[in-house]
Amino acid sequence: MYQQMIFVNLAVNDAAASKKFFTELGFSINPQFSSDDTTCVVISETIIAMLLEKKRYSDFTKKEIADSAKTSEVLLCLSAESREKVDELINKAVAAGGTANDDVQDQGFMYGRSFEDLDSHSWEVVWMDPAAVQG
């Protein structure tokens, strides 16, 4: 059965540094689609982050590349299986050189936090109580 995938392409300053960062978060790298200027991060079977150095990224667009430290280009959100897994991923991101945002969303049935990676891309990590989703 066909499963649709998403390939998120992000401009980065240093593909090797991004590779190290996301590996330290526990994600794997697909070497088949990685190179000196591109890192293919496997988030799940259906979610891939293509981290392209800005020169390589510009091969795919005629638009100006956003400065993610100054402007919001995209908000990325990953689900987590528990509150503890949310905190675990945020702590790994900080230990790997990312920055945790202070905003904690705790609505009882939903818990979320966020971090910025080495290139200031915003990543949210959210747990939702399955019972609340079904109800």
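**View 1. Alanine 132 in helix 4 of the predicted model**. Alanine 132 lies within helix 4, residues 130-134; helices (H or I, at least four residues) and strands (E, at least two) are DSSP runs, numbered from the N terminus. With 38% relative accessibility, alanine 132 is partly exposed, a class between buried (under 20% relative accessible area) and exposed (over 50%), computed with a 1.4 Å probe on protein chains only. Alanine 132 and arginine 56 are separated by 76 residues in sequence and by 43 Å in space, C-alpha to C-alpha. Residues are numbered from 1 along each chain as its sequence is written, and side-chain values use heavy atoms, without hydrogens and water. Because this is a predicted model, local features need pLDDT of at least 70 and side-chain atom pairs count only at pLDDT 80 or more, while totals for chains, interfaces and linings use all residues.

View 2. Between strand 3 (residues 38-42) and strand 4 the pairing is antiparallel, over 5 bridges. Valine 42 has isoleucine 48 of strand 4 as its bridge partner.

**View 3. The largest nonpolar core**. This core has 24 residues; a nonpolar core is a set of buried Ala, Val, Leu, Ile, Met, Phe, Trp, Tyr and Cys residues joined through side-chain atoms within 4.5 Å. Phe22, Leu25, Phe27, Phe115 and Trp123 have the most contacts inside the core. Elements giving two or more residues include strand 1 (6-12), helix 1 (15-24), strand 8 (110-116) and strand 9 (122-128). Helix 3 supplies the largest share, 4 residues.

**View 4. The aromatic cluster of Phe21, Phe22, Phe115 and Trp123**. The whole structure holds 4 aromatic pairs; rings of Phe, Tyr and Trp (its six-membered ring) pair if their centres lie within 6.5 Å, with planes under 30 degrees apart counted as stacked, over 60 as edge-to-face and the rest as tilted. Phenylalanine 21 and phenylalanine 22 are edge-to-face, because their ring centres are 5.0 Å apart and their planes are at 85°. Phenylalanine 115 and tryptophan 123 are stacked, with centres 6.4 Å apart and planes at 5°. Relative accessible area is 1% for phenylalanine 115, which is buried, and 3% for tryptophan 123, also buried.

Key
Pairing = 2+ DSSP bridges.
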